[in-house]
Amino acid sequence: MRKKLFSVILAVAMVASLAACGSKAVNDGDKGVDSGTQSNPGQDAEKEGDEEIVNITLTFPVLTSIPEDLGKVQEAMSQIALEECNCTITLQPLGFADYMTQAPLMLSGGEDIGLLAHFNPITVYPSMVEKGQIQDITTLLEEQVPEVLEIVGEDYLAASRINGSLYGVPTMHERANGSGFIMRTDLLEKYSIDVSQVKTMDDLDAIFEVIKENEPDISPTYMGGASMNPADIMVKGSVDELGDGFGVLMNRGQDATVTDYFESDEYRNYVEKVYEWNQKGYILPDSDSIQDMYTTLLQANKVFSVFMTNAPGSIEQDERNTGLDLTFVQLGAPLSTTTTVNGIQWVVPIGAKHPEKSVDIIRLLYTNADFLNLFNYGIEGEHYVAEGNNQISRPDGMTEETSPYNWSIAYLTGNEFLCYTWDIDNPNLWKEVKEWNDNVEKSSAMGFSFDNSNVTNEITAISNVCNQYRIGLENGVLDPEVYMEKFIADLKTAGIDTVIAEKQSQLDAWKAAQ
């Protein structure tokens with residue numbers, strides 16, 4: 001799922017606990033798939049002529065269960081990689097619960113992973129560079145795959161450069177997300193609820209009261225639970241978080257002064273509103289400890305609405321994943337920042353033994369439609385049927401639930417503009433996404449990347465404070481009147497003012513150099 005991930009890219013980190021029918025559930029033991037022809041990750045497969053055939057592992061997060069036919073698709077993708085790059089691949093999908101814990105350990109442990117799909121905020125791009133966890137691939141990209149650099153474009157590559165170097169390649173998808181609420185259309189129609197005038201969070205109160213009074217087994221809303229910091233979507237969509245969110249540019253990234261977002265009126269208003277909702281019984285109980293995906297909760301008939309991001313095609317994607325008719329009510333206009341551009345990238349971890357082959361696979365991910373469509377949709381005739389106009393459908397008798405290859409991960413596989421779209425999607429979807437990217441508002445600091453190497457101790461301390469307060473405050477569990485003052489005080493003790501001063505200094509120098 002695209003934006004949802006991205007904002008939780010925007011933010012954002014969610015935990016998956018889906019177990020789709022006919023598929024193997026994601027768990028800590030899933031370390032990739034052996035198709036019968038692949039070698040173990042990082043190990044040499046064999047020799048062909050004078051060149052050694054190596055295996056490249058691709059590690060990435062997924063929101064669904066691992067498809068039953070992953071091994072079969074991996075084998076087909078390896079055949080393309082063998083012909084094009086003289087290497088094979090191992091796909092290593094991790095559910096978000098596993099990705100949250102394992103990806104940082106893989107990076108710090110120097111494992112031989114050929115390519116990792118970096119996903120902010122679980123993995124943080126500047127931090128990985130500062131810690132020496134990923135490789136500088138500038139020269140390899142320029143010499144081996146200049147066509148990839150041209151496809152991505154310098155405007156977006158500039159946002160990924162750190163001290164002039166590239167350590168990753170941002171994936172091609174929507175570069176900004178609006179924010180709002182996804183609601184079940186059936187219940188809107190059942191109670192004749194008109195959402196056309198909903199413009200703010202306050203406008204949702206009357207709708208939630210109708211659901212609470214008439215649907216006692218369904219909670220009006222769910223803010224994100226223990227797996228994410230909800231305000232990253234609803235509030236930070238109006239700011240440039242300048243990487244880590246510890247010091248932001250307000251006014252949709254147009255301000256010149258770095259300020260503490262947690263002391264802003266916007267943040268205070270948000271936590272007060274969700275606390276009010278929780279007191280009224282509008283929020284799913286015990287949300288601060290729930291790690292289920294929002295799609296799981298919608299499917300299970302536990303919630304009427306969830307708040308999430310949007311971009312072209314997002315509502316259709318959520319409808320496919322839930323089997324429900326859904327309505328999106330937008331509350332925040334889209335904003336593009338360096339963080340959103342860098343939110344999902346393919347990076348080469350420091351432990352990768354064959355970085356030149358990793359970059360060869362990057363070329364396939366951005367230029368080879370056959371490779372991408374295998375990755376996303378599986379094998380034609382088995383997992384989908386071509387309908388013409390670059391659209392596909394399920395084979396007769398096959399549904400999303402019964403398909404042995406049932407994920408759609410175009411947002412992270414490289415260049416989604418080369419991918420098919422489903423027949424229920426707008427056939428002009430990718431054109432709309434490109435136009436969306438071209439027309440969204442951009443932060444005044446687009447291209448600026450914060451180097452936190454001078455304040456690593458403070459960053460660690462601030463993160464610990466946020467872990468203590470944010471989930472409770474942003475899910476409406478902690479009373480702002482009691483905890484906001486403590487939160488702000490602890491942030492200052494941890495050194496947030498020092499981080500803000502360092503960030504301001506770097507931002508001023510960056511702007512002066514433009």
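Analyst: The protein has 21 helices and 18 strands. Please bear in mind that this is a predicted model.

User: How many of the residues are buried, and what makes a residue count as buried?

Analyst: A residue is buried when its relative accessible area is under 20%. Of the 514 residues in the protein, 61% are buried. The accessible surface of the protein comes to about 19,100 Å², and carbon and sulfur atoms account for 45% of that surface.

User: Why does Glu 84 count as partly exposed?

Analyst: Glu 84 is found in helix α2, which covers residues 70–85. Buried requires a value under 20% and exposed a value over 50%, with partly exposed in between. The relative accessibility of Glu 84 is 43%, and therefore Glu 84 counts as partly exposed.

User: Which residues are in contact with Glu 84, leaving aside its neighbours within four places in sequence?

Analyst: They are Arg 363, Leu 364 and Asn 368. Contact here requires heavy atoms within 4.5 Å. The C-alpha atoms of Glu 84 and Arg 363 are separated by 9.8 Å, although these residues lie 279 residues apart along the chain.

User: Which residues meet where α19 and α21 are in contact, and what classes do they belong to?

Analyst: From α19, Glu 458, Ile 459 and Ile 462 meet Ile 496, Thr 498 and Val 499 of α21. By class, the contact of α19 with α21 has four nonpolar residues, one polar and one charged.

User: What is the handedness of the crossing of α12 and α20, and which residues make the contact?

Analyst: Helix α12 (residues 265–279) and helix α20 (residues 480–494) have axes that come within 11 Å and cross at roughly 145°. The crossing of α12 past α20 is right-handed. On the α12 side the contact is made by Tyr 267, Arg 268, Val 271, Glu 272 and Tyr 275, and on the α20 side by Pro 480, Glu 481, Met 484 and Phe 487. The contact of α12 with α20 has six nonpolar residues, no polar and three charged.

Definitions and conventions
Residues are numbered from 1 along each chain as its sequence is written. This is a predicted model: local features need pLDDT of at least 70, side-chain atom pairs count only at pLDDT 80 or more; totals for chains, interfaces and linings use all residues. Side-chain values use heavy atoms; hydrogens and water are left out. Helices (H or I, at least four residues) and strands (E, at least two) are DSSP runs, numbered from the N terminus. Ala, Val, Leu, Ile, Met, Phe, Trp, Tyr, Cys and Pro count as nonpolar, Asp, Glu, Lys and Arg as charged, and the others, Gly among them, as polar. Buried means under 20% relative accessible area, exposed over 50%, partly exposed in between (1.4 Å probe, protein chains only). Accessible areas come from the Shrake-Rupley method with a 1.4 Å probe; for residues, only the protein chains shown count as cover. Axes are lines fitted to C-alpha atoms, for helices over the stretch in contact, and angles run from 0 to 180 degrees between N-to-C directions. A crossing is left-handed if the near helix is turned anticlockwise from the far one by less than a right angle, and right-handed if clockwise.
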